[in-house]
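Dear colleague,

I am passing on to you the structure that we spoke about, together with some notes on what turned up in it. Please look through the sequence and the coordinates before reading on.

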Amino acid sequence: MEKSETVLSDLQDGVLTLTLNRPDKLNSFNEDMHLALRAQIERAHSEESVRALLLTGAGRGFCAGQDLGDRDPRKGGEKPDLGATLERFYNPTLRLIRSLEKPVICAVNGVAAGAGANIAFACDIVLAARSAKFIQAFSKIGLIPDAGGSWSLTRILGEPRAKALAMLAEPLPAEQAADWGLIWKTVDDEALMPEATSIAARLAAGPTVGLGLTKRLIQSASANSLEAHLDMERDCQRQAGQTDDYAEGVTAFLEKRPANFRGR
Ligand code: LHQ
């Protein structure tokens, strides 16, 4: 595996696997990890050879959000501008994940807290180890759920559950998160990476343009009227129908053989 210290990256068969790698700090974000993660997601945007992204964490945790040791209030000084931190680090990463028109799979290998949980919820297909848990830790330190959390929790769960999770900051077990539709599914701990890798490999061998357009449509659905959305489906289907992968998919069906998609 290629090493960039705080984020390990490995590109194989179209799957770019990114491993958050500050295990001693439960992969909490410092500036270096923010920048390394963003650079790798930008790479996924620009490199045609990347056809799926798989995000996970090293060690026993997935990600504990912001590194709280980075800005120790006991050291005094001016009060921090956390809005600037979001603008500079988290928000660009969230936008990059959501706008990447390739599947983003997240394998939550352990605790996901604060922004760590909400980055997971921004991914397309989220699997979690059965022992993992999600914590909206923000209220414990006087903050609001960021990294898109107050948006995604409310959209997915509705106000009652979103408010309770955010205000109480109680750990949500992975099984419960799956039952509530916050994630795709839980798997036995030892099966997490094999299963996530297999899903990522399957999607990386898929019709990338069609999958990307599917992501665009589903993410736009709740903000669109049905009228506007039907038009958008028409336009996306027009585009999908002009890909080589559509021709290959239909040909493979007619020839009763597996399709060999090229991602274009
Ligand atoms: C950590 C952290 C951590 C540093 C574990 N930082 N070291 C955006 C804008 C700007 C600023 C503020 O934040 C944000 C977004 C956010 O994400 S705010 C929310 C920040 N995250 C948290 O509040 C979670 C803090 N962590 C925890 O509550 C616990 O560590 C959890 C529940 C995640 C896990 O608990 P345990 O399994 O009991 O592990 P632990 O607490 O013993 O942690 C293991 C080590 O990791 C430990 O270090 P040590 O040297 O004592 O072994 C922790 O200090 C360190 N660590 N999270 N966020």
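Between which two elements is the loop in which L26 lies? Before the reply, please keep in mind that this is a predicted model. L26 lies in the loop between β2 and α1, the latter covering residues 31-46, and the phi angle of L26 is near 50°, a positive value in a residue other than glycine. A positive phi near 50° is also found for D13, again in a residue other than glycine. D13 belongs to the loop that connects β1 (7-12) with β2 (15-20), and D13 counts as exposed because its relative accessible area is 73%, where exposed means over 50%.

Next comes the division of the chain. The protein is divided into domain 1, which covers 7-204, and domain 2, which covers 208-254, and their centres, taken over C-alpha atoms, are separated by 27 Å. Where the two meet, 11 residues of domain 1 are in contact with 8 residues of domain 2. The size of an interface is often given as the accessible area lost when the parts come together. For domain 1 and domain 2 this buried area is about 850 Å², and carbon and sulfur atoms give 39% of it. The interface of the two domains also holds 7 residue pairs in polar contact, both residues of a pair being at pLDDT 80 or more, and the count of salt bridges between domain 1 and domain 2 is 2.

One residue to look at here is K215, which is part of helix α8 (residues 208-221). K215 forms a salt bridge with D124, and the closest N and O atoms of the two are 2.9 Å apart. The side chain of K215 also reaches the backbone oxygen of I97, at a distance of 2.8 Å. Leaving aside residues up to four places away in sequence, K215 touches I97, R98, L100, K102, V104 and D124. Is K215 buried or exposed? K215 counts as buried because its relative accessibility is 9%, and the cut-off for buried is under 20%.

Strands of a sheet pair through backbone hydrogen bonds, either parallel or antiparallel. Strand β3 (residues 52-57) runs parallel to β5 and is joined to it by 3 bridges, with L55 having C106 as its bridge partner in β5. β5 also pairs in the parallel sense with strand β7 (residues 125-129), over 4 bridges, and here A107 stands opposite L127 of β7.

Finally, there is an open sheet of 4 strands, in the order β4-β6-β8-β9, with mixed pairing. Its edge strands are β4 (61-63) and β9 (172-173), each of which pairs on one side only. Within this sheet, strand β6 (residues 111-113) and strand β8 (residues 133-135) pair in the parallel sense over 2 bridges, and the bridge partner of A113 in β8 is I135.

Terms used: Residues numbered from 1 in each chain as written. Predicted model: local features only at pLDDT ≥ 70, side-chain atom pairs only at ≥ 80, totals over all residues. Heavy atoms only, no water. Pairing = 2+ DSSP bridges. Domains from an automatic or database assignment. Contact = heavy atoms within 4.5 Å. Buried area = accessible area lost by both parts, 1.4 Å probe. Salt bridge = Lys/Arg side-chain N within 4 Å of Asp/Glu carboxyl O. Polar contact = N/O pair within 3.5 Å; in protein donor to acceptor, adjacent residues only side chain to side chain. Buried < 20%, exposed > 50% of the residue type's maximum accessible area, 1.4 Å probe, protein only.
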